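Dear colleague,

Please find the structure below. My notes on it follow.

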Amino acid sequence: MIQMFEKYMIVENDAANIVENGKITGFKFGARLPYYRGIALSLVEDIVVKVDGEEVPKENIKFSAHGNTYTLKEMETAVDDRWNMGEVAHIIVERKDGLLKGEHKIYLLLNMRIAYLPFPSIRKSEKKVAIA
Amino acid sequence: MAEKKHSIKRGVSLYSYQEEFFLQKMSLEDCIAAVAKTGATGLEILGEQSIFGFPKLTDAFVDKWFGWMDKYGVTPVCHDFMLDYTMVKGKYYSDNEALQSIIRDLKFAKRLGFKIMRAIVNITPELMEKAAPYAEEYDIKIGIEVHSPWHINSAWMARHWEVMEKTGSKYLGFVPDMGAFTKRLARVQTDRMIREGADPKIVEFVCEQHEKGVMAEYIIAQVSQMSKRPVDIAVAELSRHNTYYNPVALLQHIPRIFHVHAKFYEMLDDGTEFSIPYEKIIRILIEGGYDGYLSSEYEGNRHIQDAFEVDSVEQVRRQQEMFKRLLGEQANVEKIKAVEA
């Protein structure tokens, strides 16, 4: 059991609905990799997001950092791009009408494939975020 | 302390400042400045931690890097490299792919002026053998990290030693992490587990047994009788992951020890470390004629960050002060002060 940086996985005050062409198509929130180094995106084995207790289908999740955006499927082969140490990335959730204004409970699980550890590196966090 | 002459130097791994760096409270330059402020002269980094966009390096960054080395009077000593054997889902690196990954790090380290690289512990002895000619070509020594639960006489390390002997390469050696000498389990870690719901009585039992040197498997077996709760079993397992091995074992390997990770969890107000007997360790390193760096590696942040403010800079400062004392540097400072007065 290694615990590390879980507290900082979900970034405070960094959640918002996404508006495209005047329509809300989803929402995003800031996230950091709970690890002491950055890793290639392909090493992110899994991302699980729950909103107010309800799990988001994988195909509706995207990852975005330093201007690059990936589906989870695309992340699997992204060996040359990295989630850097402490870098605030955004988890994008495609969802009709996004989230209602107010507080929501976000759950985030990140599973990393770390070859030298003889157990899976699964870290999770849950936080309330506010949508303005 | 330290009557015998020695050439041990002091360094700091920027790993130590991971809390502040992660939260962007300290920039890379701030970290380097903090190292210099302790009086340490050696700099260690994990490229994948400290360098945004690793392994890419721009000329502008490299210029800035060497500018910092001059400005702060520190020297690049060791780059810690990883080897992500499972880079692509469902696949495992071939030896050639793994070797290419090491060469990538050699190039990176060379450009930033590092002379030593730490190999992560899961790298195979066979791969180290293949890497040796490249280490020679780049003139960078590669040391396998001897990290708890392994110790320098573990079967895995004996196989690494065999390769060092077989190749006769002066470029292959060890980087022992002092966490293998955890005499007392880190209090910051057991306190955290109590906060996570571990039974304080079980924590007390495990700590006592560990300090007595009872084998971890016995401690785990006994705790399994006392509790079925995973958090309590995890406390017992700390004893397996944080070994205490007699540091005397380092003596026979001194010529192969390129660098030392001076791991620590908690520097106390009295200037000692809670878990790791540095007084004993440093005496042994001096005795053996070790002449590399003692590189501070603070790892307490992750155990206290849930409840307390982390002050890595102060923790490193305290450990460096302890090293000055144990290396006999303070006596010199006193003498200089006396002369100046």
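In what order do the elements of chain A run from the N terminus on? They run β-β-β-β-β-β-β-α-β-β-β-β, with 1 helix and 11 strands in chain A (DSSP runs, H or I of at least four residues for helices and E of at least two for strands, numbered from the N terminus).

This is a predicted model: local features need pLDDT of at least 70, side-chain atom pairs count only at pLDDT 80 or more, and totals for chains, interfaces and linings use all residues. Residues are numbered from 1 along each chain as its sequence is written, while chains are lettered from A and ligands numbered from 1 in the order in which they are written.

Of the 132 residues in chain A, 30% are buried (20 or more other C-beta atoms, placed from the backbone, within 10 Å of a residue's own). The C-alpha trace of chain A spans about 45 × 30 × 25 Å along its principal axes.

Chain A meets chain B through 22 of its residues, which are in contact with 26 residues of chain B (C-beta atoms, placed from the backbone, within 7 Å).

In chain B, helix α12 (residues 278–288) has B:Y278, B:I281, B:I282, B:L285 and B:I286 buried. These residues lie on the same side of α12(B), because they cover an arc of only 130 degrees around the axis (taken from the directions from the helix axis to the C-beta atoms). Their cover includes α14 (312–326) of chain B. After α12(B) comes B:G289, with a positive phi near 80 degrees.

Regards

Methods
Buried ≥ 20, exposed ≤ 12 C-beta atoms within 10 Å, placed from the backbone. Contact = placed C-beta atoms within 7 Å.
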